[in-house]
Amino acid sequence: MKTSSRKPLVGAQVGLYVDMFDVYLPIVALAPAAAYFAPDDISTSAQRILTAVVFAATLLGRPLGALVFGRLSDKSGRKRTTLTSLIGFGLTTLAIAALPGYQQAGLFAIIALILLRFTDGIFLGGQYTAAAPLALEHAPARKRGLYGAIIMTGFPAAYCSIALITVVLLKLIPAGGLGTPYVTWGWRIPFVIGGLLALAWALWYHRNVEESPVWKNRKNEGHHPLRDLFQGPNLRGFLQVFTLMSGVWLAFNMVGAVLPGVLRTRLPVGTVTLILVVAYAVLIVTYLLSGPLAQRIGRRPFFLLQGATTTVIAPVLFWSIARGKVSGAVAIGLVTVALVVVVVSTFAVVTTYIIERFHTGIRSSGYGLGYTTAVIVPAFYAFYQEGLATVMPYELTPLVFLAAGGLLIGLGAYVGPETRDVDLGAPAAKADADLLSGSMVGLPLSGRPLSLEGEARARDH
């Protein structure tokens with residue numbers, strides 16, 4: 001791998017690692033200290049909703065970040081945007097580490113936590129919006145599937161890291177009721193680590209990563225990224241990506257946010273953490289296999305397969321855990337690993353696919369907004385669960401959302417084009433025409449051929 005390709009790839013991968021490290025701080029590191037930000041008499045249902053709101057605040061900030069930073073990336077450059085977002089969420093995460101608790105500041109503590117997590121989400125929404133397109137615009141066409149998968153391994157690696165850090169801290173600094181060391185101050189340590197990681201990586205990125213050659217060599221075609229994104233074939237492409245990603249996020253929330261709570265009703269907290277660390281470690285390997293697979297068979301067939309398995313297999317696996325059909329740490333662990341792999345493997349390809357879906361002038365905006373606006377409706381999963389629980393057992397509500405998520409993934413893939421062979425450097429008019437011609441339902445899954453320019457570039461690589 002050439003240095004010109006390797007450093008942007010590492011920059012995007014570690015950038016996503018730092019990003020996801022910060023995203024999962026509330027669910028993993030703050031969860032044992034939830035009492036610090038909650039009233040003494042809060043009910044179980046209210047506590048579930050409060051935890052979900054703190055998590056959702058970050059997800060809801062990401063579309064706004066993609067809106068702001070996506071346009072900045074398309075107009076002013078990928079590198080500058082990445083640096084701004086890294087510094088922004090690094091400082092915001094450090095500010096969260098300094099917050100007082102409910103006993104000291106009352107309702108202000110909860111409001112400040114939610115607002116800072118929302119601000120965090122805005123900056124987080126800018127990091128991958130710029131860094132991932134920059135990396136893939138440096139990549140050889142025939143290796144984009146692998147490069148995209150490598151970038152996305154930053155997510156499971158971050159989850160494993162923060163879980164292990166939290167486990168070690170809980171061993172050294174006990175957590176219990178108010179006044180115990182972890183609840184009072186121990187939870188702050190992972191937040192400080194996350195903030196410092198972001199600032200340190202911004203410095204590395206500034207010194208080592210060059211601007212995207214595709215962006216620098218783009219023709220001045222008078223692009224207005226947001227206006228161009230929401231009209232004509234670009235709008236149809238955005239709506240198709242939105243449908244697919246809504247399914248991805250809806251299914252993922254059942255595994256990433258709901259499943260840990262279900263597991264904690266069956267097994268000790270330490271055992272649950274170990275199982276999830278193993279599951280996400282296996283997911284790293286799965287990503288590195290899924291990316292090349294999608295490069296070989298095409299993005300569209302890969303998503304159709306993922307939609308089918310998420311709809312049919314994932315609910316059965318979740319049901320077996322929720323209903324106690326499997327028992328013992330080993331059996332539950334194996335089913336959990338299978339469930340995580342079935343549902344979350346989709347992310348191995350989404351970055352590559354969405355970046356290929358839009359031309360250079362709107363690529364960051366299309367990728368960032370397509371990836372993040374689909375988060376909004378699934379982010380309120382806790383409220384949907386509470387509502388659905390009036391007609392069915394609460395612990396089985398995730399089955400409905402897993403199946404619905406799989407159907408949306410399949411629908412989004414079915415109505416969209418194959419993008420494996422697109423030329424990321426093609427002029428806007430040609431890129432729009434080629435993607436539009438390949439987006440009609442019923443076309444071969446292999447997609448359109450490379451343009452002559454694309455063939456030449458592929459041979460060169």
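**Close-up 1. Val-415, a partly exposed residue in a loop.** In this predicted model, Val-415 has a relative accessible area of 32%, so Val-415 counts as partly exposed. You will find Val-415 in the loop that runs between α20 and α21 (428-437).

**Close-up 2. Helices α13 and α20 side by side.** Here we look at helix α13 (residues 232-264) and helix α20 (residues 397-414), whose axes come within 7 Å and cross at roughly 155°. An angle over 145 degrees counts as roughly antiparallel, which means α13 is roughly antiparallel to α20. The crossing of α13 past α20 is left-handed. On the α13 side, the contacting residues include Gln-240, Leu-244, Gly-247, Ala-251, Met-254 and Val-258. Among their counterparts in α20 are Pro-398, Phe-401, Gly-405, Leu-408 and Gly-412. By class, the residues of this contact comprise 15 nonpolar, 6 polar and no charged.

**Close-up 3. The largest nonpolar core.** This core holds 130 residues. The residues with the most contacts inside the core are Tyr-24, Phe-155, Met-245, Tyr-280, Val-344, Phe-347 and Tyr-371. Helix α13 is the top contributor to this core, giving 16 residues. Zooming in on Val-344, we see that Val-344 touches Phe-155, Phe-252, Val-255, Leu-283 and Tyr-287, leaving aside residues up to four places away in sequence.

**Close-up 4. Helix α17, enclosed by its surroundings.** All 11 of the 11 residues of helix α17 (residues 347-357) are buried, so α17 is largely enclosed by the rest of the structure. Take a moment to follow the helix along: the buried residues include Phe-347, Val-350, Tyr-353 and Ile-354, and also Glu-356 and Arg-357.

**Close-up 5. Where α6 meets α17.** Helix α6 (residues 107-138) packs with α17 at an angle of about 80°, their axes being 10 Å apart. That angle makes α6 roughly perpendicular to α17. Which residues in α6 and α17 meet? From α6 come Ala-132, Pro-133 and Leu-136, and from α17 come Thr-351, Thr-352 and Ile-355. The contact of α6 with α17 has 4 nonpolar and 2 polar residues, with no charged ones.

Notes. Residues are numbered from 1 along each chain as its sequence is written. This is a predicted model: local features need pLDDT of at least 70, side-chain atom pairs count only at pLDDT 80 or more; totals for chains, interfaces and linings use all residues. Side-chain values use heavy atoms; hydrogens and water are left out. Axes are lines fitted to C-alpha atoms, for helices over the stretch in contact, and angles run from 0 to 180 degrees between N-to-C directions. Helices (H or I, at least four residues) and strands (E, at least two) are DSSP runs, numbered from the N terminus. Angles under 35 degrees count as roughly parallel, over 145 as roughly antiparallel, 65 to 115 as roughly perpendicular and the rest as oblique. A crossing is left-handed if the near helix is turned anticlockwise from the far one by less than a right angle, and right-handed if clockwise. Contact means heavy atoms within 4.5 Å. Ala, Val, Leu, Ile, Met, Phe, Trp, Tyr, Cys and Pro count as nonpolar, Asp, Glu, Lys and Arg as charged, and the others, Gly among them, as polar. A nonpolar core is a set of buried Ala, Val, Leu, Ile, Met, Phe, Trp, Tyr and Cys residues joined through side-chain atoms within 4.5 Å. Buried means under 20% relative accessible area, exposed over 50%, partly exposed in between (1.4 Å probe, protein chains only).
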